[in-house]
Amino acid sequence: MLDSVIFYFFAGIAVISAALMITRRNAIHSAVFLITTLLATAGIFLQLRAEFVFVAQIILYVGGIMVLFIFVIILVRPDISLPQVRSRTHKWIALLVALVVGVEGGVVLWLARKLPGQGLLLPNPAPADKLPPNTEELARGLFGAYLLPFEIASVLLLVAMVGAVVMAKKRTDA
Amino acid sequence: MADESKAPQSPESSQPEVSGSLPPPYAAGDSLTSPAKPDAPVPLQASDRLLQTVADALKLVFKEDLIPENADRFIFWIAPIISMTAAITSLGAVAFASWFPVARDINIGLLFVVGVSALIPLGIVLGGWATNTHDSVIGALRSTAQLISYETTAGFALVSGLLLAGTLNVRAIVETQRADHAWYVFLAPVGFFTYLIASIAETNRAPFDFPDVESELVAGDMTAHRGIRWSLYFLADYASMIVVASVGTTLFLGGWLRPFPNVHWLACLEAVPTLFLIAAGAYCVFRAGKQPTRARCLFLWAVALACFIVAAIFALAYPLSPLPLQKMHEVLYGAFWFLLKISAYIYIFMWLRFTLPRFRFDQLMRLGWHILIPLALINVVDVGIALALTSEFGANRWLAMIVTSMATLGAAMLLLRWNDKYSATASASLVADSSIAEDPHAG
């Protein structure tokens, strides 16, 4: 009971602030609501006993990436400097994407109906003392079974970073 | 505004220390020479500085709340609350002693503290932006740049300590240090000092206090905040100092362990808290006789009495440490050592603040990106090598640590030399570069 109350609390905050995020005109307001969404999602991770993912979400997304976003928004001022792009095509594409995502979600929920337990609608986590320590499990996964994909992802990020630096450098030289 | 920007001194010196040697007519001059209030009239003769703090807080709460005309009201309201909430929440997972109800067994304790305290600057940035004035926006930008640059260093410095501990659980970290017979500051000194520097920059203390430099930006991001919101910012500032100090203490300074926790003939150190409190109480009694007014005298007697009572509790908890009072004993003594270490850590902050002149913003950025981040990275690799040498090849741990620390320091020397050469040739363009990238108004 308490579990589902907490779940719906966080889920509600996440959904409402996500909706607010895309409807705000002011970019900083959008960023603040995105932060709220991310924090609420972190809360759901915690409820699922994924402590490491919970903290990683807060440190990386809220503490790092969103601060960087806000930095860029303050510097660039997209409300002023970018012209508002609006066209019919965009609306149709958006509608299509929304439909696809909606159907996908519906299918997932419909399939989950048949799962044992309560399905996906109500999370039913195991008691905390029966789970292995989350951080250690994650480390074993990343540096054991999935070492190669993990390293490839790291190299990919490194390439992207170096590429960004090179591109930025060119522009200042010119 | 001037008196507000000085007010932070009072919590730092909230010790009821009174220069009672002055004759009564000059006792008021005591507050004239103090850094807290340069030109304020003395409100009450009897009020000590401790009460002055209370009065300041009351004044701030009831001060008229002004919001600038062009401010973003929603963000302006919410920003100080974000900072304060983050600061207090992250303190929740700090363990002051081995047995502590809140923080007992969070699996990811230390990471939680670090992660949630990373939200404090978010409030500063948003608050600075929301006031919509130049000084505040520049302060907000600087705060962001500083946070992003130094969070990486702090993270890597923590990793070098966590590699030694092998866990994120606050209690387990401290117990591992007891089992290892060493505080990690001795095993990973480079990690500790990089964390120290990074934590000063992250909490925006002098000599890195760029978001609110009074000589350039009035009060930076806090210029337009007043009253209760200003005080929330200030409390968040001090709370974040305590947070970084307790993270450093837990990971590098042995948390709540007394010095040399495994050496039995040094068990006499257990008497230190009691003796310390008795000495403090005796000093208060000694001072009480010299007070000019009755109220001050009574106040000091009360403080002395409190010291003696706590000392008695400490003394009683020690011999009674078998079962029933075991936990009380652990909490009392652990908390004493922990708070002592935190105070020492914060004293280093203040010491640097009093000693060093403020850096330039581009110097701060260069220190962060060109020296500290590579150094912290190299340090992590070297600590890893030392651990591998110990566990795989059976090398002596202290020897391995000393050798790798030397290697790290050598790398640091090379970095410095390389950086000097580089900056000598490309100084002008570099300064221009960093000031354009980070802050159009710097320099």
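Residues are numbered from 1 along each chain as its sequence is written, while chains are lettered from A and ligands numbered from 1 in the order in which they are written. As the model is predicted, local features require a pLDDT of at least 70 and side-chain atom pairs count only at pLDDT 80 or more, whereas totals for chains, interfaces and linings use all residues.

The predictor assigns the complex an ipTM of 0.74 and a pTM of 0.75. The mean pLDDT (the predictor's confidence in each residue, from 0 to 100) is 80 for chain A, where 80% of the residues score at least 70. For chain B the mean is 74, with 76% of residues reaching 70 or more. Among the elements of chain B, the lowest mean pLDDT, 41, belongs to helix α1 (residues 2-6), and the highest, 87, to helix α11 (residues 189-202). Over residues 42-47 of chain B the pLDDT is below 50, and this stretch has eight contacts in the model beyond near neighbours in sequence; two residues are in contact if their C-beta atoms, placed from the backbone, lie within 7 Å. The pLDDT also stays under 50 over residues 436-443 of chain B, for which the model has 14 contacts beyond four places in sequence. Where pLDDT is low, the predicted coordinates should not be read in detail.

Helices (H or I, at least four residues) and strands (E, at least two) are taken as DSSP runs, numbered from the N terminus. On this basis chain A contains seven helices and zero strands, and chain B contains 18 helices and zero strands. A residue is classed as buried if 20 or more other C-beta atoms lie within 10 Å of its own, exposed if 12 or fewer, and partly exposed in between, with C-beta atoms placed from the backbone. Buried residues make up 16% of the 174 residues in chain A and 42% of the 443 residues in chain B. Of the contacts in chain A with a separation of 6 or more, 55% are between residues 24 or more positions apart. In chain B, 79% of the contacts between residues at least 6 apart in sequence join residues at least 24 apart.

At the interface, 24 residues of chain B are in contact with 20 residues of chain A. On the chain B side, α5 (73-91), α6 (109-117), α7 (120-131) and α8 (134-165) each supply at least two residues, and the largest share, seven residues, comes from α8(B). This side divides into 20 nonpolar, three polar and one charged residue; Ala, Val, Leu, Ile, Met, Phe, Trp, Tyr, Cys and Pro count as nonpolar, Asp, Glu, Lys and Arg as charged, and the others, Gly among them, as polar.

Helix α2 of chain A (residues 27-47) has 21 residues, which at 1.5 Å a residue should span 30 Å, in agreement with the 30 Å between its end C-alpha atoms; the expected span is 1.5 Å times one less than the number of residues. Its buried residues include A:Val32, A:Leu39 and A:Ala42. The cover over the buried residues of α2(A) includes α1 (2-23) and α3 (51-76) of chain A, together with α5 and α7 of chain B. Just after α2(A), A:Arg49 takes a positive phi of about 65 degrees.

A:Ile58 lies in helix α3 of chain A and counts as buried because it has 26 C-beta neighbours inside 10 Å. Its C-alpha atom is separated by 6.8 Å from that of A:Leu39, 19 residues away along the chain. Leaving aside neighbours within four places in sequence, A:Ile58 is in contact with A:Ala42, A:Gly63, B:Gly115 and B:Val116.

A nonpolar core is a set of buried Ala, Val, Leu, Ile, Met, Phe, Trp, Tyr and Cys residues joined through C-beta atoms within 7 Å. Of the 120 residues in the largest such core, B:Leu110, B:Val113, B:Leu126 and B:Trp129 touch the most other members. Beyond four places in sequence, B:Leu126 is in contact with A:Val32, B:Ile75, B:Ala79 and B:Ile82. A second, separate core of eight residues includes B:Leu277, B:Leu300, B:Val303 and B:Cys307.

Helix α11(B) is mostly covered, with 12 of its 14 residues buried, among them B:Phe192, B:Tyr195 and B:Glu202. The helix is followed by B:Asn204, whose phi is positive, near 60 degrees.
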